Amino acid sequence: MAKDRWTHSNTTVYNIGYHIIWCPKYRRKVLVGDVEARLRELLLKKAEEIGVSIEELQIMPDHVNLFVKASPVASPHWIVQQLKSYSSHELRTQFKSLRTRLPTLWTRSYYVESCGHISEDAIRRYIEEQKKV
């Protein structure tokens, strides 16, 4: 879980963060106990594999709440797809109760909001000020 504000690549300096939330099917409260602990491990492992940094992670009984930082080439949809599909497959393989209680582990929907260090208003002011120089 990195704490640097900017990430550097050969051609880019970036600070891209996403707040992501998703729920189990029917918002069932199944993310508890061993399932919660294993889900945490799986999300951290998959995030590292795909080059995404999980800055904050909270698993509630009926939803997952993440703050991730990613490169400009990793779309939010791709990140969510990777995390949800991997964790669903692994959890449903390991916990029979998830296979019998739910047709799929996750809903198809999710919430995502981009987050950054600089507000939208600050960016607008900066761009406007460029005209005056």
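Is Glu41 buried, partly exposed or exposed, and what is its relative accessible area? Glu41 is partly exposed, at 46%. Here buried means under 20% relative accessible area, exposed means over 50%, and partly exposed is in between (1.4 Å probe, protein chains only).

The legends below describe a predicted model, in which local features need pLDDT of at least 70, side-chain atom pairs count only at pLDDT 80 or more, and totals for chains, interfaces and linings use all residues. Residues are numbered from 1 along each chain as its sequence is written, and side-chain values use heavy atoms, with hydrogens and water left out.

View 1. A salt bridge is a side-chain nitrogen of Lys or Arg within 4 Å of a carboxyl oxygen of Asp or Glu. A search of the whole structure finds four salt bridges.

**View 2. Arg40 and Glu36 form a salt bridge.** Their closest N and O atoms are 3.8 Å apart. Both residues belong to helix 1, which covers residues 33-50, and they sit four residues apart, about one turn of the helix. Helices (H or I, at least four residues) and strands (E, at least two) are DSSP runs, numbered from the N terminus. Arg40 is partly exposed because its relative accessibility is 28%. Glu36 is also partly exposed, at 24%.

View 3. Lys46 has a relative accessible area of 14%, so Lys46 is buried.

**View 4. Tyr26 and Arg27 have positive phi values.** Tyr26 lies in the loop between strand 3 (16-22) and helix 1, and Arg27 is placed in the loop between strand 3 and helix 1. Phi of Tyr26 is near 60 degrees, a positive value in a residue other than glycine. For Arg27, which is not a glycine either, phi is about 50 degrees. Tyr26 counts as exposed because its relative accessibility is 52%. Arg27 has a relative accessible area of 44%, so Arg27 is partly exposed.
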